[in-house]
Amino acid sequence: MTTIPLISCSAWAPPALTMAAALALCLSRLAPPRVWTLFQSLSLLALLLTLFNLVMARDSAPWPGVLHPSTMGLVLALLVQGLGTVIGSFSARYLQGEAGQRQYAAALALVLTAVHLLLLADHWVVLIAAWAVVGLALQRLLCFYPERPFARLASYKKSIADRIADCLLIAAAALAWTTVGSGSFSDLWAYLSQHGMSTSLQVSALCLTLAVILRTALLPVHGWLIQVMEAPTPVSALLHAGVVNLGGFVLVRFAPLLEQAVAARAVLLIVSAGTVLLAGLVMLTRISIKVKLAWSTVAQMGFMLLECAAGLYLFAALHLIGHSLYKAHAFLSASSVVRETRLSALHSPALPSAWSVILAPMVSIALVLGLHSLSPHAAWPWWWSGILGLAWAPLLWRSTAKGSGGLRGWLLGLLGAAGLTLAALVAHLLPLHVNDYPRAVFGVTALLAMLALYVCMGLLQLAPQSMAAWRRRSYAGFYLDEAYTRLALQLWPSNWAPSARRAAAEQQVNNLAADGRSQG
């Protein structure tokens, strides 16, 4: 008789443990080695309990109508808690000898607590509060080096986007709560199944979508995600792998609402498709490894939200999981990536041949369509096969230069595209309990956006001289962040670089004094 209550209460354990770690670290005066011992012990225990919840307590309801675990939420909770544990271990070595490690570990534990609560949320109040706490705690991590002006600027720009997103979420909650008569998501789904959409719920869905766009760093408010490279590397790993993609989870969670919200999905489609196109081009022109990874995250977030706009929520969920794992590994192993990049720079790059750039999408799309037709279940619509084929096509690019691999390299690329397609088909069999609501008009529009990106990529490879002006604009991020930064600082002025300005002023005074002495 006591088993069910205990299992239901187990959902509270991971956020309770991480919150206990945050409070203990805030109130204590532990030395750095003991700080990380405490954090790692409680974080590892929270990880084990999260795994227990995923296996044994998926159907529990620790607080009906307020907190309710879902399979997708528990999978992400396990992923984020695992990343948090690894990032904590990495931070203990990375920050060795630095001041402020206790405050850093406390903020990291608080971020994990808020993420757990957001993934459990079944009520507007919990969702809004947890997402706000994630942003506030993350600001402490982003400004770990307060003397770095661009870290402070990134934190400030993110705080502006977060506060606007909070207002939009509150508006969405107020409209939905007034219509349904309850703030519970379960009651909202029941209302939609019985009564369908109303005007107020359409506006609520639009506010929710705009809030997710702001939180997920889509263009044109993406600049803070690029500038957080000034923060410690483990903070970048946490941000890119476990925090910024929470917007994708929220949209997957609200799939029953967005299914009928045509206006919200249209806005999401336009913004996400533009982000994929522009950020994908900018990423190709960048040299810095961490900056290139940051632009990659912007493009991937755009692609994930594009999947949501097209109604392929299961694909978005799988994309979220895969992106989190990849970005955590990429940032935590950034030093080895730099070494490999320097080694590859010793060899002159071999440009792909025109025939391979033209034929590659045809072959890869045919391959995806063929494998999908052989599958006993229809995993996605036809237009998504076209998008996947365009995504796999660069694997088939081949150069005419000697030593480029020839037929053997092309066959390996074809095998890689087939393996990725089969992996996608198998992943769709995972019991994540996420339903798709595809809409053909949005899907075809997404296909055209991906085709435009592929054409631009091909032109950059085949005709770099004719695309020189476009490449310069691409390298500058099409100047979108500069416009947003100026607007943000005009509307909300901030002394974001006081130490840098003082140093520049002192340098100017010293230069003037030196000039005066030389003239005298």
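## Conventions

A residue is called buried when its relative accessible area is under 20%, exposed when that area is over 50%, and partly exposed in between (1.4 Å probe, protein chains only). The model is predicted: local features need pLDDT of at least 70, side-chain atom pairs count only at pLDDT 80 or more, and totals for chains, interfaces and linings use all residues. Residues are numbered from 1 along each chain as its sequence is written, and side-chain values use heavy atoms, with hydrogens and water left out.

## Overall architecture

The protein contains 24 helices and zero strands; helices (H or I, at least four residues) and strands (E, at least two) are DSSP runs numbered from the N terminus. Of its 520 residues, 53% are buried. Among contacts (heavy atoms within 4.5 Å) between residues at least 6 apart in sequence, 81% join residues at least 24 apart. The accessible surface, from the Shrake-Rupley method with a 1.4 Å probe, comes to about 23,000 Å², and carbon and sulfur atoms account for 68% of that area.

In helix H8 (residues 185–195), the residues Phe-185, Leu-188, Trp-189 and Leu-192 are buried. Viewed down the axis of H8, these buried residues fall within an arc of 100°, so they line one face of the helix; the arc is that of the directions from the helix axis to the C-beta atoms. An α-helix has 3.6 residues a turn, so residues three or four places apart point the same way. On the other side of H8, Gln-194 and His-195 are exposed. The cover over the buried residues of H8 includes helices H6 (124–142), H7 (149–180), H9 (199–215), H12 and H13.

Helix H11 (residues 233–243) has eleven of its eleven residues buried, so it is largely enclosed by the rest of the structure. Among them are Pro-234, His-240 and Gly-242.

Ala-205 lies in helix H9 and is buried, with a relative accessible area of 0%. Not counting residues up to four places away in sequence, Ala-205 touches Leu-257, Leu-258, Ala-261 and Ala-264. Ala-205 and Leu-251 are 46 residues apart in sequence, and their C-alpha atoms are 9.9 Å apart.

Asp-166, in helix H7, is buried with a relative accessible area of 10%. With residues up to four places away in sequence again left out, Asp-166 touches Ala-132 and Arg-215.

## Backbone geometry in the loops

Most residues other than glycine have a negative phi, and most peptide bonds are trans. A cis peptide bond, with omega about 5°, joins Leu-219 and Pro-220. Pro-220 is in the loop between H9 and helix H10 (223–227), and Ala-217 is also placed in the loop between H9 and H10. Ala-217, although not a glycine, has a positive phi of about 60°; Ala-217 is buried, with a relative accessible area of 0%.

His-433 lies in the loop between helix H20 (406–427) and helix H21 (440–462). Its phi is positive, near 55°, and at 63% relative accessibility His-433 counts as exposed.

## The second largest pocket

A pocket is an open set of points on a 1 Å grid over the protein atoms alone where a 1.4 Å probe fits, with protein on both sides within 12 Å along at least five of seven lines; lining residues have an atom within 4 Å of a point. The second largest pocket has a volume of about 410 Å³, the volume being the space filled by probe spheres set on the points, which are joined across faces, edges and corners.

This pocket is lined by 20 residues, of which Ser-70, Val-252, Arg-253, His-433 and Val-434 lie nearest its centre. Helices H4 (71–94), H12 (246–253) and H13 (255–258) each supply at least two residues of the lining.
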